[in-house]
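Colleague: I'm new to reading strands and helices in a model. Could you walk me through a few features?

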Protein chains: 2
Amino acid sequence: MSSVARAGAVVQVYFDNASTSYPKPEEVYRATLGALENLGGNPGRAGHRKSLEAARAVLEARETVARLFNIEDTSRLIFTLNATTALNMALKGLLSAGDHLVTTSMEHNSLMRPIHGLEQNGVEVEVVQCDIEGRLDPGALINALKPRTRLIAVIHASNVVGTINPIAEIGKHARTRGIPLLVDAAQTAGSLPIDVEADCVDLLACSGHKGLLGPQGTGLLYIKEGIELEPLIEGGTGSSSEDLAQPSLFPDRYESGTLNTPGVVGLGAGVKYILEAGLEKIRGREVKLTTLLLEGLNAIEGVEVYGPPKAEERMPVVSFTAKGMDPASIGQRLDDEFGIMTRVGLHCSPAAHKTIGTFPEGTVRVSMGYFNTGDEVEYFLDSLDSMLKR
Amino acid sequence: MSSVARAGAVVQVYFDNASTSYPKPEEVYRATLGALENLGGNPGRAGHRKSLEAARAVLEARETVARLFNIEDTSRLIFTLNATTALNMALKGLLSAGDHLVTTSMEHNSLMRPIHGLEQNGVEVEVVQCDIEGRLDPGALINALKPRTRLIAVIHASNVVGTINPIAEIGKHARTRGIPLLVDAAQTAGSLPIDVEADCVDLLACSGHKGLLGPQGTGLLYIKEGIELEPLIEGGTGSSSEDLAQPSLFPDRYESGTLNTPGVVGLGAGVKYILEAGLEKIRGREVKLTTLLLEGLNAIEGVEVYGPPKAEERMPVVSFTAKGMDPASIGQRLDDEFGIMTRVGLHCSPAAHKTIGTFPEGTVRVSMGYFNTGDEVEYFLDSLDSMLKR
């Protein structure tokens, strides 16, 4: 018996960090609650102390998050409800009929669904096929560019198999061609280094509640200077109130209405935790766990693992199937009998499952985070093995 | 000296509840933190226990909030980031070029700014002028309707002077004409009864963090059966993942991406608190405080109060100016010298200030909530009086 499953204790192993990370650092709980209890004012809405305190706390969070991505002008970092909203803001704010968009066959529905809508309104979409392990060939992407390509949109790493895309390589090429690059970093932010300057990222969208360790209800969009987005949501911003037109001031232009102040402050605490731990340490632990997991899964008879074979090429997100048992049953039994939480099915990414050959049945996905342990991986492997042997 | 200002104690009086309510009930802090610490899963995204627990908690919050507004089909209650997002979803989801919209001269920028954008895209907007106290004449609104009027959009009560609009009267007329009614209840939800059935409200948008006592980062949109809105945000919903088209299922169609689970659970706790206290009690206390405030302000020389004279005709939101002193200075000194937090300026509502004759200087706004006390009102009146006398 693994050290996870102590006699009498109820085991719970959370392996669904690609959906949302859990647990969060204690600092995140404290910061969120502290904001809720003490920063009662509405940031940017009044001159009184509680509004100013809230505004200062939001600014501090903005600066902390900006530091992680090397965003110099912090006002160009927009807080949103989630990564999906950020992606919609970028895509719908930039593209209009006649524009050409290049993307990949590994994208999440958070990108595919708004693109599907845009396509019906006259945007031409070219989807570059990735290989069966989810790998994008940058050359193929570059070949797909046209003179009227208005945007390249690429997932930084797959939420199904964790395959990492070479965004810096794509970014540098895109920059020389003058085509903006939108990166969906929902699976990588907080683990892999992302430097919007060095990597030539023009639009960066990501969740706040996954690798960034913030609360659910947070996401972000970075908009590089020079990129003009039509605001998707307009309204009160506490600035230029006399003007009926949406203000041009950043971040106000894209942050209409009251922010999720406690969430944003919690997100700031999550990113502070990451900056203090260091990406290298976080990534190192994730690679170690992924290596252990991949080796173990490959050793179990009848299990097929998808995605790149090496942990270094992927995030700690591993999809597998097992002969003779459908993914839903495996997931259900892992939870019921062993207290292991995975996510089965299509993971909101039908295109990715088509690419890796697991559509429409899907896979069982194990997605780990910084707080998972080697013991948990071993307990999972033992559990799966014993389940499949029965 | 009022009982608020005890010797040696630092006085803080929060009179900016129309921006965001503060404090929240203890139950809201506990529920939000509890969700963050214990409901770690992503609701609707997996079959494991933590995802299901989160989904159940969100459903419970949805049912609680629906009860307050007599929304029978709770799936038609959409959780959003804020009221602004809800209004944008309603307006931009419904209206297109050639449509006619009727609204009022007391609307907030959260409505006026998206409308301004729609107007530039071919939507015809008719703004019905309200009187100097912010009162809407329902007859004038009805006269403004045309055969191609596609929507009536009305603020339930002004965020500047608190004037309450007769939404049920408007709703009943709109229903006979077959024109949908959108109500912005940011200032009234949690204080005034709103019954979407009896009041014939087709679209109800409101904040979660004002009178509903939830955390910032929450808002809602109710969409009556039969009202078709194009989704503003598309993406992963955890449902019909194989389909690139946005699902038609409610609430998923309008809730793409991860929800603000802790915020929504906190909002549920806020509304539960309201349902237990009872709207009559809450409204009663607010009317009492408003009466005290109006009487006191009217008795101070040089002070001009805007809006209806009777507390019963308005929300606990009172705007005033004082001879010889600009609103910004009054607000600043109330905060610096007396610890009283108000909001000065245009309150994101230039149209309303034009209507009441206080544009562009604005007013000082005192906005109270259920947790304010008569002692605080008296302390404020004493403070203002002494300040103006100096």
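This is a predicted model: local features need pLDDT of at least 70, side-chain atom pairs count only at pLDDT 80 or more; totals for chains, interfaces and linings use all residues.

Colleague: Which strand pairs with E8(B) in the antiparallel sense over five bridges?

Modeller: That's strand E7 of chain B, residues 203-207. There's also strand E2 of chain B, residues 77-80, which runs antiparallel to E8(B) and is joined to it by four bridges.

Colleague: How many of the five residues of E8(B) are buried?

Modeller: For "buried", count neighbours: a residue qualifies if 20 or more other C-beta atoms lie within 10 Å of its own. In E8(B), residues 219-223, five of the five make it, so the strand is largely enclosed by the rest of the structure. Check each side: B:Gly219, B:Leu221 and B:Ile223 are buried on one, B:Leu220 and B:Tyr222 on the other, so to speak both faces are covered.

Colleague: And helices? Which residues of helix H6 of chain B are buried?

Modeller: The general idea first: an α-helix has 3.6 residues a turn, so residues three or four places apart point the same way. Now the case here: in H6(B), residues 167-177, B:Ile167, B:Ile170, B:Gly171 and B:Ala174 are buried. Seen down the helix axis, they fall within an arc of 100 degrees, so they line one face of H6(B).

Colleague: What do those buried residues pack against?

Modeller: Helix H5 (138-143), strand E5 (149-155) and strand E6 (181-184), each in chain B. And after H6(B) comes B:Gly178, with a positive phi near 75 degrees.

Conventions. Residues are numbered from 1 along each chain as its sequence is written. Chains are lettered from A and ligands numbered from 1 in the order in which they are written. A residue is buried if 20 or more other C-beta atoms lie within 10 Å of its own, exposed if 12 or fewer, and partly exposed in between; C-beta atoms are placed from the backbone. Helices (H or I, at least four residues) and strands (E, at least two) are DSSP runs, numbered from the N terminus. Two strands pair if DSSP finds at least two bridges between them. The arc is that of the directions from the helix axis to the C-beta atoms. Two residues are in contact if their C-beta atoms, placed from the backbone, lie within 7 Å.
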